[in-house]
Amino acid sequence: MQDPLKKFRIAVFVSGGGSNLQALIDASEKNELRSEICLVLSSDPSAFALERAKKHRIEAVCLSDEDEILDGLERHTIDLIVLAGYLKIIGAKLLTKYKNRMINIHPSLLPRFGGMGMYGMNVHRAVFAAGETVSGATVHFVDKVVDGGERILQREVDIRDCASPEEIQEKVIVLEHQLIVDAVKLLEER
């Protein structure tokens, strides 16, 4: 009998430290994922996430030209792209080629606190300023609308005891690390 679970060749796009990338790497090394992280890509050569990838013997590249990115993805036979703190807007060619095969992790309960300029601490500051009692994280498919694609998974956390945006971030990042892994597992089961 054929195993119904999928195994993806994954490219993770990053722009910063790569803690969500590390969560995926850890899950992969513990055999929690069937999929393999084959490529880590950043548009920022100083992104620490590139070092994380190299430490785990995953090819890490810095590219920003869309055609070069597409060539790199094709060379690695990538099935799924995971945006994990990637701050560059995705171009039309990538969106078309990887339609329903590109996901993003966002640090809020979309559709609230999403869209242009809403990333990282900007989100947590907005959540704090709005006096929200819950926040969370969302994994969604990427489409032409920033943070507008179909939601895959979403989880919330109580933030009533948070006295600053930084405390909200501390709670939400824990959710993000599990949510990104769970989203890949879910896609493997589809």
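Tutor: Before we start, helices here are DSSP runs of H or I with at least four residues, strands are E runs of at least two, and both are numbered from the N terminus. This is a predicted model, so local features need pLDDT of at least 70 and side-chain atom pairs count only at pLDDT 80 or more, while totals for chains, interfaces and linings use all residues. Residues are numbered from 1 along each chain as its sequence is written, and side-chain values use heavy atoms, with hydrogens and water left out.

Student: Okay, is His 106 buried or exposed?

Tutor: Find His 106 in strand 5, residues 102-106. Buried means under 20% relative accessible area, exposed means over 50%, and partly exposed is in between (1.4 Å probe, protein chains only). His 106 has 2% relative accessibility, so it counts as buried.

Student: Which residue of strand 2 is the bridge partner of Phe 13?

Tutor: Strand 2 covers residues 36-42, and strand 1 pairs with it in the parallel sense over 6 bridges. To count as paired, two strands need at least two bridges found by DSSP. In strand 2, Phe 13 has as its bridge partner Leu 41.

Student: And in strand 4, what's the bridge partner of Ile 10?

Tutor: Strand 4 is residues 80-83, and its pairing with strand 1 is parallel too, over 4 bridges. On that strand, the partner of Ile 10 is Leu 80.

Student: How many of the 6 residues of strand 1 are buried?

Tutor: Strand 1 runs over residues 9-14 and is largely enclosed by the rest of the structure. That's because the number of buried residues among its 6 is 5.

Student: Is Leu 95 buried or exposed?

Tutor: Look in helix 4, residues 92-97, for Leu 95. Leaving aside neighbours within four places in sequence, its contacts (heavy atoms within 4.5 Å) include Ile 90, Met 102 and Val 142. With 16% relative accessibility, Leu 95 counts as buried.

Student: What separation is there between the C-alpha atoms of Leu 95 and Arg 57?

Tutor: Along the chain, Leu 95 and Arg 57 are 38 residues apart.

Student: Last one: what is the relative accessible area of Val 146?

Tutor: Val 146 sits in the loop between strand 6 (134-141) and strand 7 (151-158). It counts as partly exposed, because its relative accessible area is 32%.
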